[in-house]
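I set out to record what I looked up in one protein model, entry by entry. The sequence and structure come first, and my notes follow.

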Amino acid sequence: MLNKIYGLLAAVLIIAIAITGLTAVRVISVYHNQRTESQLMTAARMLQQYLNEAMPVSQAAERTLQVYEEDAAMLRLTIVNVDGTVLYDNTTDPVLMDNHKYRPEIAHAISIQGSGTSVRRSTTVADDMLYLAIYDPQNELVIRTALPLTAHRAGTRELYITIFAVLIVALVLLVAISLFTANIISRPLQKLKQASRLLAEGQYESRVPEMHLDDGEVAALSKTFNQMAHQLQETIAELEDKNVRLDAMLNAIISPMLAVDQSLAVRFMNAPARQLFGRDLDPEKAVYPLLLITHQTAAEELARSSMDNRLPQSAEMDLQTVDGKQLYQVTVSPFTSSRSEGAMISFFNVSQARKLQKMRSDFVSNVTHELRTPLTSIRGFIETLKNGAINNPDVAERFLDIIDIEADRLHSLISDILTLSEIEELVNETDHETFDLNDLIEDVAVLLDEAASEKKVKLRLPDTEKPLQVYANRHRIKQVLINLTDNAIKYNRQQGLVEISAERSDDKTVKIQIRDNGYGIPREYQDRIFERFYRVDSSRSRELGGTGLGLSIVKHIAQLYGGSASVESEPGKGSVFTVILKI
Ligand code: ADP
């Protein structure tokens, strides 16, 4: 911009100086020619007068030349006959001179019988000359005077050189001034430009330095610029802060969440979502379709439908996660902002909830089934008795025994169910006391002695003389020992062996092992026998009065005491049940 202004100024300057110079040259030339012409006219008239006074030509010329002392050397006097014959010339021998009839000034003077002028190069004296010729009617002659223009031409050339020099000086001055002013004007503007560029590149702290400010408009502009930059910096910082807070909040939400734009490209994933899908995306750098994350077209369809209807929608679907396929409740909440449309999608794992739900309903149907079996049997026998069997004392007694056994089983079942639900609901065990575990083992052995003797199973106990002090709910630990020892006897062969051991592994942990050499448990059932109502051989278990809940109770008590229950077994050889308890 400034360059254009300076170019224009230079052009105006050149034109102004050129016009002034040329006009001056022209005016001076005209003035000089007029002066020379008047000199020449005076000389010509003087010569004419002398001639008219009948003075001889050469004398008249000399007298005339005397008047022009200074210019005598330069003044040329020529007297020409009307036929063009040169009669006299003060610079050249007239004999050597050609006919002058057609010299323009002479021809003109003759033709108008007055005067004529001409500027041209003299062939005779080889110089630029101004010629003036007057017609002398008295003598019928033409008197011609001439002066060289050499001096004038030299003056004009000098004038041209001066004009040129002035032009150069003016231009140099203009360049110097323009450089100086450009510096003054453009430096703050350059600073502004630089600061704006930095601002555009995201360096919001860039400002125009105060030292470049003056009181003019640039100062006001710079001040406004600085205010604008400050405002921008504040706004950006505020936005960044908001973004960071929003990011932190979204990442702090435990549920995996992601945001999609209108084309279902994922624009944001919070930390739990990145973890769930095992993807660390940078949506700023690439576009990730929702399908790539969820591997579920149903998720895409749900998001599309929710955005189309502008209503939150949710559905359950199996998603491919880092932990394999999992059932998730996917909820899409569409949003609209001034600049974009999209949806937030949140994921809630319902696998566990569904599993629990299924376990609960399985349990209910199992309980119903387990209760119905002895009840049906009891009702059947009562019916038979009522229908007459009561009159047969032998049959009646056998039936009443069966009813008694079934009622017992019903009782055990209900009491096991109650124990199980009681333990399940317990968060912290209460009623702790310090007691000797070996003592308790002995008590249990006494309790089960009858059952063992019936099968001639030998019970081997730890050295009961050596006390093993523990701190726990005695009743629960007794339950563990009864359930495991009872199983070891039940599922043992005649004259089998059951060995109970208990030892402290460290300050807080006690390991109890019940070993038998009974039927054993096939490998494939070993993990499942701790499940509720799971039996390897249902009819044998029922026959032996089992409820299918004994091991489940053991496992829950072990977990309640921060431990575990496990089995090692070989079919035909026997089993070892190990319970670890922090007591
Ligand atoms: P139950 O009341 O049927 O004994 P449990 O939960 O105590 O129920 O045991 C589950 C199943 O585990 C039993 O039905 C039985 O098949 C198997 N089992 C438990 N203890 C032993 C053992 N010591 N030897 C062989 N099988 C056993």
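How many nonpolar, polar and charged residues does the lining of the largest pocket have, by class? I noted 19 nonpolar, 14 polar and 12 charged residues in that lining. I keep in mind throughout that the model is predicted.

**Entry 1: the largest pocket.** I looked up the volume of the largest pocket and found about 1,300 Å³. Its lining has 45 residues, and those nearest its centre are Asp486, Asn487, Lys490, Tyr491 and Gly546. The elements that give two or more residues to this lining are α10, α12 (449-454), α13, α14 (538-543), α15 (550-560) and β18 (574-582). Helix α13 gives the most, with eight residues.

**Entry 2: a residue of α13.** I next looked up Asn483, which is placed in helix α13 (residues 474-490). Is Asn483 buried or exposed? Its relative accessibility is 10%, and buried means under 20%, so Asn483 counts as buried. Apart from neighbours within four places in sequence, Asn483 is in contact with Gly550, Ile553 and Val554.

**Entry 3: the largest nonpolar core.** I recorded 49 residues in the largest nonpolar core, where Leu437, Ile477 and Leu481 have the most contacts inside it. This core lies between domain 3 (354-423) and domain 4 (433-581), because both give residues to the core. As a general point, nonpolar side chains tend to be buried together in soluble globular proteins.

**Entry 4: the cavity.** I found one cavity of 30 Å³ or more in the structure. The largest cavity has a volume of about 60 Å³. Its lining consists of Glu370, Thr373, Pro374, Arg409, Leu413, Arg535, Arg542, Gly546 and Thr547. The elements that give two or more residues to this lining are α9 (351-386) and α10 (393-425), and α9 provides the largest share, three residues. By class, I noted two nonpolar, three polar and four charged residues in the cavity lining. Domain 3 (354-423) and domain 4 (433-581) each supply at least three residues to it.

**Entry 5: the domains.** Finally, I looked up how the chain is divided: domain 1 (2-155), domain 2 (253-349), domain 3 (354-423) and domain 4 (433-581). The C-alpha centres of domain 1 and domain 3 are 159 Å apart.

Note on methods. Residues are numbered from 1 along each chain as its sequence is written. This is a predicted model: local features need pLDDT of at least 70, side-chain atom pairs count only at pLDDT 80 or more; totals for chains, interfaces and linings use all residues. Side-chain values use heavy atoms; hydrogens and water are left out. A nonpolar core is a set of buried Ala, Val, Leu, Ile, Met, Phe, Trp, Tyr and Cys residues joined through side-chain atoms within 4.5 Å. Buried means under 20% relative accessible area, exposed over 50%, partly exposed in between (1.4 Å probe, protein chains only). Domain bounds come from an automatic or database domain assignment. On a 1 Å grid over the protein atoms alone, a cavity is a set of points where a 1.4 Å probe fits but cannot get out, and a pocket is an open set with protein on both sides within 12 Å along at least five of seven lines; lining residues have an atom within 4 Å of a point. Grid points are joined across faces, edges and corners, and a volume is the space filled by probe spheres set on the points. Helices (H or I, at least four residues) and strands (E, at least two) are DSSP runs, numbered from the N terminus. Ala, Val, Leu, Ile, Met, Phe, Trp, Tyr, Cys and Pro count as nonpolar, Asp, Glu, Lys and Arg as charged, and the others, Gly among them, as polar. Contact means heavy atoms within 4.5 Å.
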